[in-house]
Amino acid sequence: MKQFYSLNFLFFIILPSLAQNSPSVAKYDLKKKRLLIQASSMYLYNSNQGAIDADSAVVLACKAYKLPVSLAYDEGFNDGSYLIGNDLIEKRKVNAVKKLLLKSKNEDRIKLLLQLGNFYLFKPGTKPDDLQNAFLYTKESFDLSNTLKIKKWQHQSLLLLGKYYFQANNQAEGKKCFLQVITQCRKLNDKPGLADALDAYGTLLSNLDPEKEKILQETVSLYASLGLEEKRIENYMKITTIYFWGGKINEAKKRLYQNLADLRKINFAHQQFAETTIVYIELFQHNIQTALYYALKSVKRMEAEKDYTFGDVFYMRLGDVYNHYGHHQEALDLYKKSIEIGRQTINTGTWYKSFFSAVAALSLKGKTKEAVDYINSITAEFPPKSTFDKMSVAYIKANCYEVLKDFAKAEKYFKETDYYAKQLKAPETFREVIHQYTIMALFYIRINKPDSARHYKDKVFALSKTYNQNYNSEALQLLLYKTDSIDGNYKDALAHFKNYKKINDSVHGVDKNKQIDELKIQYETANKEQKIIFLNDQDKLQKSELQKSKLLNSVSIWSLILLLITIGLLYNRYRLKQRNHAKLELKEKEINQKNINLRHLLDEKEWLLKEIHHRVKNNLQTVISLLNSQSAYLDNDVALSAIKNSQHRIHSMSLIHQKLYNSENISTINMPNYIRELVEYLKESFSLGQRIRFELKIDQLELDVAQAVPLGLILNESITNSIKYAFPDERNGMIYVTLEATTENHYLLTISDNGIGIDTDFSAKKLNSFGMSLIKGLSDDLEAKFSMENNNGTILKIEFSQEFPMNQKRKVI
């Protein structure tokens, strides 16, 4: 129970803080710089859970990355070309801009008025004088744009007025401004203007407003149709935030993974904001290995690039994973590093979350008294500022005193927790407040105050109803079990106890893998070296087996030659010495014995050849396993794809050796069976289900290994290309594989699909691609004719001759 109460410290730690050195963003164009500002400021606002306003988050993000604040707000009228007064605004020389305004006319004046309106409206904090200045400059720009009858500036002025009214708490008037622009853009079929207006309007709506998601979905579709990928991704992230705070955690997680893929496609390097949120969700859902992967990925990228902007976030997330593993000291070291980075850089106060986690790590180590002293020392030097931090400090103190069995002090701080929790009324703090009420109810059950326990249990369900979110946890099921038991409701108590055990068992399932994962973490480098040594040893063994095979073949050939010579001599001796019949009979017996011995040698040869094929197959499977292990340490999609393709190619060769080992005939491959098994393997590898089906038409052919291996590799490459590229957007399709005899000892292999087809204009780039080079090279090895065409899909043909026809083999034998 002590561990259970201590572990709940970790639950309420959502998204942390700012960090250290500014990364190099010079490689980004204007669109990507704006995406960076939006992604990081959105993350900051959410991580502070309402403790700072959105404009302050933008200022902090721009300061961290050394980007001008104006980039976040001047998108409608700053396309990167010269903008009058922009350099003065960036340097915050407002008086100089006002002097320039006196001399400006027409569009230049409108641009200056909009910049001044932006400057005052989005200053950190909400001062009445700033709001008034913002309104005056924006209203003047609107009036002037009406006088000049320029639609673009009319719309930009109206959008800025709408933002002003929202900040002035007059949402009804602001909505009118936005809807006016939206209506006009629809009438004019102005898609870029409509997308910008919907973006501005949807962003300002509350996450609890059901209209927000609908508006942003339309925004995403518009930006996608316009090819504005950065803006599409930005609005996609805003919808993900709605799902996250709305309790749709699995949907939010799915979108975060998609967000990572989208960022990679546009070469946007700052993927850590999505990654650290994935770590939080996967950790909360007890998917420890995935959480560890992304936590390590973020830290390794940060340290490799020496980009410590928001570094405390990634150290804290990795610390959370270690804490769940039971590596509390390593976690504590990471939390302290996170606190140090947070305090030395742009301090938003969010490093407090690392402080809470450090307290949890100390308590989990059994140093609860030391944890209390640590709380007192930190809060004395850095008192909590936000209501959320005050509630959290009281909560961790209460947990510590409960572990120390000082129930009077624990109750005192739980009541203080309740005092601050009542003041938090936002979806961003819902999970923390409801969890803390659950723990408080369990505390009151422990000290035999069931009425107080019921009071906080009722608060849990009331909050769930208020925010329309389902809440379930190990702690809640334990609470319901205990309260139902106290009330004598044993049937419901039993049901809740079963739910509690189910969740508890899923949590402890993590503990079962603790030793394995610990070895992964502590001995990662050593394991890599051992794998390399093992791979080298396997290579040496394979070479030795090949040498033995060659030696055995030589012995067999010479034995056969010796047998033929012996038979010839005996036959000649029989003709010459018919009269010595008795001696010939004796000699014949000797020859028969030698024949028996030779047959034993032939049987042994076949057995050894089968053993060679078996070992080669095992070695190839080992290589596949090693590639699979290596892929777990790669974060590059291209490298992962290359490893996966290599595994498929090796499997196609391994399957041939497996067939030879299992077959009575050790020199040829039954092609129908081989091709069917290869196709089944690729279907399972790509998890195709019924989306892509195969139609096979294979003649009953027996081919030599020398031809079967390149044909298998060609089949693997062609089918893999069809699966990956012929049917985009998860569409259904068919892949056809035909191997048939055209004339005697001449065959045609055809692989085709009914997909989107391939460009048959083979450019130098396509000819040099590995897959195409491999197919053409293997075709040359077969002395085959290779062709590719489009006809309702891609058709690849390989025409080849049988290298050693079966009848010729029989004649030789």
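Reader: Let me start with the hairpin that β4 and β5 form: how many residues are between them, and which residue in the turn has a positive phi?

Author: Please keep in mind that this is a predicted model. There are two residues between β4 and β5 in the hairpin, and N745, which sits in the turn, has a positive phi of about 65°.

Reader: Ok, and in what sense do β4 and β5 pair?

Author: Strand β4, residues 733-743, pairs with β5 in the antiparallel sense, and eight bridges join the two.

Reader: Which residue in β7 does H746 stand opposite?

Author: H746 stands opposite S801 in β7, and β7 itself, which covers residues 794-801, pairs with β5 in the antiparallel sense over seven bridges.

Reader: How many residues of β5 are buried, then?

Author: Strand β5 covers residues 746-753 and is mostly covered, with seven of its eight residues buried.

Reader: Switching topic: in the largest nonpolar core, which residues touch the most other members?

Author: Those are V321 and F355, in a core that has 163 residues. The helix that gives the most to this core is α22, residues 430-446, which supplies 11 residues.

Reader: And what is V321 in contact with, leaving aside its neighbours within four places in sequence?

Author: With those neighbours set aside, V321 is in contact with V279, L283, I288, A291, L292 and A295. Apart from this core lies another one, of 40 residues, which includes L713, L715, L739 and M788.

Methods: Residues are numbered from 1 along each chain as its sequence is written. This is a predicted model: local features need pLDDT of at least 70, side-chain atom pairs count only at pLDDT 80 or more; totals for chains, interfaces and linings use all residues. Side-chain values use heavy atoms; hydrogens and water are left out. A nonpolar core is a set of buried Ala, Val, Leu, Ile, Met, Phe, Trp, Tyr and Cys residues joined through side-chain atoms within 4.5 Å. Buried means under 20% relative accessible area, exposed over 50%, partly exposed in between (1.4 Å probe, protein chains only). Helices (H or I, at least four residues) and strands (E, at least two) are DSSP runs, numbered from the N terminus. Contact means heavy atoms within 4.5 Å. Two strands pair if DSSP finds at least two bridges between them.
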